Amino acid sequence: MSLPIALIRAHLVIDHDADDQLLTHYGNVAGMWIAAYTGQPFDANNALMVQAALLLVATQYESREAVTFSNAYQLPFGVHDLLSPLKDRVTGHVAEVAA
């Protein structure tokens with residue numbers, strides 16, 4: 001994944017590099033999740049994908065446990081909305097070939 005570590009740090013307002021390996025891992029996971037959700041490869045030039053990845057990275061970094069007693073894990077607000085226009089829809093419809 002090619003989400004720049006400097007962008008991740010800026011999004012999280014982190015001014016050190018002690019967590020770069022962890023942030024890179026979270027970035028890779030976010031990119032893979034986005035690719036699986038949309039059915040398209042992650043594209044670091046697509047602003048919608050990048051913003052969704054930053055939201056996912058921030059959630060993973062701030063809440064390192066999947067579930068806490070008080071709050072079950074949920075996707076960050078807006079991730080589905082950002083990626084919805086990019087999602088490949090599978091409807092079962094087969095277009096007719098023009099003769």
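Axes are lines fitted to C-alpha atoms, for helices over the stretch in contact, and the angles between them run from 0 to 180 degrees between N-to-C directions. This is a predicted model, in which local features need pLDDT of at least 70 and side-chain atom pairs count only at pLDDT 80 or more, while totals for chains, interfaces and linings use all residues. Residues are numbered from 1 along each chain as its sequence is written, and side-chain values use heavy atoms, with hydrogens and water left out.

The secondary structure of the chain comes to four helices and zero strands, where helices (H or I, at least four residues) and strands (E, at least two) are DSSP runs numbered from the N terminus. Read from the N terminus on, the elements run α-α-α-α. Of the 99 residues in the chain, 32% are buried, a class that means under 20% relative accessible area, with exposed meaning over 50% and partly exposed lying in between (1.4 Å probe, protein chains only). Among contacts (heavy atoms within 4.5 Å) between residues at least 6 apart in sequence, 61% join residues at least 24 apart.

The axes of α1 and α3 come within 10 Å and cross at roughly 65 degrees, and α1 passes α3 in a right-handed crossing; a crossing is right-handed if the near helix is turned clockwise from the far one by less than a right angle, and left-handed if anticlockwise. From α1, the residues Leu 7, Ile 8, His 11 and Leu 12 meet Val 50, Gln 51, Leu 54, Leu 55, Val 57, Ala 58 and Tyr 61 in α3. By class, this contact of α1 with α3 has nine nonpolar, two polar and no charged residues, where Ala, Val, Leu, Ile, Met, Phe, Trp, Tyr, Cys and Pro count as nonpolar, Asp, Glu, Lys and Arg as charged, and the others, Gly among them, as polar.

Helix α2 (residues 20-38) also packs on helix α3 (residues 47-62), at an angle of about 130 degrees and with the axes 9 Å apart. The two helices α2 and α3 are therefore oblique to each other, since angles under 35 degrees count as roughly parallel, over 145 as roughly antiparallel, 65 to 115 as roughly perpendicular and the rest as oblique. On the α2 side the contact includes Leu 22, Tyr 26, Trp 33 and Ile 34, and on the α3 side Met 49, Ala 52, Leu 56 and Tyr 61. The residues of this contact of α2 with α3 divide into 12 nonpolar, three polar and no charged.

Leu 83 lies in helix α4 and counts as buried because its relative accessibility is 0%. Leaving aside neighbours within four places in sequence, Leu 83 is in contact with Trp 33, Ile 34, Tyr 37, Thr 38, Leu 48, Met 49 and Ala 52.

Two further residues deserve a look. Asp 20, in helix α2, is buried with a relative accessible area of 17%. Val 13, in the loop between α1 and α2, has a phi near 55 degrees, a positive value in a residue other than glycine.
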